[in-house]
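Good morning, everyone, and thank you for making the time.

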Amino acid sequence: MAEEAEKKKESPIIQVKNLYKIYRVGESKVYALNGVDFSLRRGEFCAVVGPSGSGKSTLLNMMAGLEKPSKGEIVIAGTHIERMTEKELVTFRRENVGFIFQSYNLLKTMNAVENVALPLSFRGVPKKERLEMARKYLKLVGLEKQMDHMANEMSGGQQQRVGIARALVVNPRIIFADEPTGNLDSKTTKDVLKLMRQIVRKRKQTLIMVTHDNYLAGFADKQIHIVDGKILKIEEQHHEDEEEL
Amino acid sequence: MRFLDLLVMSVNNLRRRKLRTALTVLGVIVGTASIVVMMSLGIGMSEMQMELMESYGSMTAINVYCDTYSQPEGSQEPVYMTDEVIEQFRRMDYVDGVSPLLNVGVMMRQGQYTANYVNLVGVTEDYMKQITVGEGRYPKMDGSEVELLFGNMVLQNFSNGKRGSSYYETGELPDVDLMGKPIFVIYDMDAYYQSMNGGTGADGTAVKPPKKYLVPVAGIVAGGENEYNQYSWEVYTDLEALKAQLKKIFKKNPIPGQPTNKKGKPYSYFIYSNAVVYVDSIDHVKEVQTAISDMGFQASSNSEWMEQNKKQSQMTQMVLGGIGAVSLFVAAIGIANTMMMSIYERTKEIGVMKVLGCDMGNIRNMFLMESGFIGLMGGVIGLALSYSLSYLMNHLPAVTQMMMGMGGMDGSISRIPPWLAGAALIFAVVVGMVAGFFPAVKAMKLSALSAIRNE
């Protein structure tokens with residue numbers, strides 16, 4: 001048992017060490033992140049919970065390589081992403097990361113299939129192949145009937161499902177979700193979160209979700225509570241796969 | 001990203017904003033058309049000038065003069081152009097051909113029509129082959145017989161001997177049938193006039209009217225009765241045949257037009273006052289001309305005149321092109337403006353693409369392609385517009401009449417050579433891309449984070 005635990009600790013997919021983010025506001029310094037340490041294993045569903053302004057979004061952005069840390073290390077799958085150039089970061093995201101946005105951020109000029117296929121086109125996947133894959137993932141999130149709908153012809157829940165399919169289609173190792181259910185009603189929220197957990201668990205992907213809602217965080221395997229740039233506590237809980245979905 | 005995907009994306013982005021794209025393209029259309037039309041006018045003018053000059057003589061020919069009357073005084077041997085000198089010219093570098101011009105004034109007659117003075121020119125084959133024959137054929141060039149090639153305007157010299165009416169009075173061409181009936185040539189005009197006036201020769205006997213020679217006409221220089229070219233006013237024949245003929249007629253007596261030595265005796269060889277040297281290319285004209293001048297002859301060519309003209313027309317073209325370029329420049333600002341607007345509008349979209357892993361270079365290229373495409377569309381339509389404007393200009397009666405008024409030049413005033421069309425297209429695309437470059441780089445450098453941040 002001890003050995004197994006050791007093994008698990010040896011290969012975390014994400015390792016955050018002593019991470020700081022300091023903004024200068026005039027003469028004074030604001031610590032958005034004030035020494036954060038944690039690590040995540042492959043296949044974990046982790047929620048970063050905290051009130052507004054606690055630094056949770058900053059943490060997510062830095063892990064996704066959208067923002068540079070002031071100090072500290074972020075190691076993802078053995079690579080230090082804080083040392084990468086912007087160009088390398090783009091490549092890193094293209095190869096390893098899926099992203100789910102709060103406001104879905106679908107391209108309004110494209111229909112559902114094209115939106116899902118977009119990240120594949122950045123990888124140079126031929127059109128026929130990527131549209132096929134996009135359809136497969138749209139089916140997976142339950143949007144068989146809305147494939148040819150334009151983004152603004154769909155409801156919020158449907159749009160977010162498209163967003164999830166778009167994050168999944170590249171088969172990423174890590175999926176970042178920034179308040180993914182922030183614009184959805186509670187029923188849809190539940191559906192979406194369960195769907196995400198189910199898919200991620202099945203495919204052994206790591207999902208990191210940022211939320212301010214403790215109830216939503218309850219869906220995750222691991223909850224990291226952040227207040228004022230510091231980790232307050234880390235909770236772990238195990239959910240059985242719900243069959244009713 | 002694949003090139004095709006990038007292209008489709010760019011085109012779709014343009015199609016999304018049809019009106020704005022159309023307006024920007026319109027700017028490029030006007031810019032391209034104004035450059036092309038302006039340049040085509042410049043080119044048309046300079047080409048017309050060239051054509052005009054070419055009608056005065058070949059561009060690679062050097063005319064050599066040797067004034068036989070004003071030779072240096074004193075013991076110095078006169079510098080004459082003889083067959084020997086002509087051979088020297090021929091052996092020079094870059095010289096393709098030489099022809100001395102042996103000018104003889106003669107009288108011609110057919111039926112009741114007489115031309116009192118016709119310049120008969122003996123030339124070599126080098127010269128003869130420059131002339132375009134309209135009717136008939138070239139004269140024999142083997143020295144055996146004098147055959148005539150008539151300039152297309154020589155007929156105007158003939159007048160009705162009895163009625164004395166000439167072409168200049170009546171405006172009607174004399175009824176001389178050059179190709180059908182024979183022409184009589186009187187070489188010894190002095191003798192003719194002396195005999196007409198009952199004059200006497202040196203020995204006191206009455207001068208007999210000179211012999212008339214029946215000379216066949218081989219052909220007529222191409223061109224109508226009013227189409228001037230440099231061969232219009234002369235009658236040409238083979239040099240060797242003419243020399244043989246003159247020697248036969250004048251024997252030991254001085255041949256009119258030929259200089260005599262200090263004792264007033266004719267030389268035993270022919271001396272030419274004019275010669276034409278043909279150079280292989282226009283670039284060597286100056287060099288050969290200098291060499292000939294150094295030999296003590298006066299040499300002139302169209303090349304100096306042309307060079308001057310070239311510079312002038314280049315200036316004209318640059319000024320005209322510059323005027324056109326201003327409007328293309330304005331169009332370029334329009335493109336840049338459109339692209340900037342487009343980037344502000346699509347900030348979020350660009351950010352999302354970047355977060356999803358779209359290469360920065362791809363984003364830049366996408367915008368460059370959009371602006372390049374605007375340039376291309378404007379260029380193509382602008383070129384089509386230029387062609388139609390050019391057609392209109394060349395065919396509007398008012399314009400052609402004005403052209404005829406200005407020095408009687410005819411031909412198209414606006415000419416769009418293929419290189420201009422091609423260059424205009426490429427230029428339009430390049431201008432589009434250059435105008436789009438700054439916005440494209442701006443798009444590329446956009447911070448993904450601030451772009452996706454919820455407002």
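In chain A of this predicted model, there is an open sheet of 6 strands with mixed pairing, and the strands follow the order S6-S7-S8-S3-S9-S10. The edges of that sheet are strand S6, residues 97-100, and strand S10, residues 230-236, and because each of these has a single partner strand, one side of each is left without a neighbour in the sheet. From one strand to the next, the twist averages 15 degrees.

Within this sheet I would like you to find strand S3 of chain A, residues 45-49, and strand S8 of chain A, residues 206-211, which pair in the parallel sense over 5 bridges.

Staying with chain A, let me turn to the helices. H6(A) lies across S6 and strand S7, the latter being residues 174-178, and the helix runs at about 170 degrees to S6(A). H6(A), which spans residues 156-168, also packs with helix H4 of chain A, residues 112-122, at an angle of about 30 degrees and with the two axes 7 Å apart. Angles under 35 degrees count as roughly parallel, and H4(A) and H6(A) are therefore roughly parallel to each other. The crossing in which H4(A) passes H6(A) is right-handed.

Which residues in H4(A) meet H6(A)? From H4(A) they are Ala112(A), Asn115(A), Val116(A), Leu118(A) and Pro119(A), and in H6(A) they meet Val162(A), Ala165(A) and Arg166(A). Sorted by class, this contact of H4(A) with H6(A) has 6 nonpolar residues, 1 polar and 1 charged.

Chain A has another open sheet to look at, one formed by 4 strands in the order S2-S1-S4-S5, where the pairing is antiparallel. Its edge strands are S2, residues 28-40, and S5, residues 79-80, each of which pairs on one side only. Strand S4 of chain A, residues 71-76, is joined to S5(A) by 2 bridges, and these two strands run antiparallel. Here you can look for Val75(A), whose bridge partner in S5(A) is His80(A).

Now to the place where the chains touch. The contact takes 19 residues from chain A and 19 residues from chain B. On the side of chain B that touches chain A, helix H1 (3-16), helix H10 (347-355) and helix H14 (448-452) of chain B each supply at least two residues, and it is H10(B) that gives the most, with 5 residues. By class, that side of chain B has 9 nonpolar, 3 polar and 7 charged residues.

Finally, staying in chain B, is strand S9, residues 217-221, buried or exposed? In S9 of chain B, 5 of the 5 residues are buried, so the strand is largely enclosed by the rest of the structure.

Key. Residues numbered from 1 in each chain as written. Chains lettered and ligands numbered in written order. Predicted model: local features only at pLDDT ≥ 70, side-chain atom pairs only at ≥ 80, totals over all residues. Pairing = 2+ DSSP bridges. Axes fitted to C-alpha atoms, helices over the stretch in contact; angles between N-to-C directions. Parallel < 35°, antiparallel > 145°, perpendicular 65-115°, else oblique. Left-handed = near helix turned anticlockwise from the far one by under 90°. Contact = placed C-beta atoms within 7 Å. Nonpolar A, V, L, I, M, F, W, Y, C, P; charged D, E, K, R; others polar. Buried ≥ 20, exposed ≤ 12 C-beta atoms within 10 Å, placed from the backbone.
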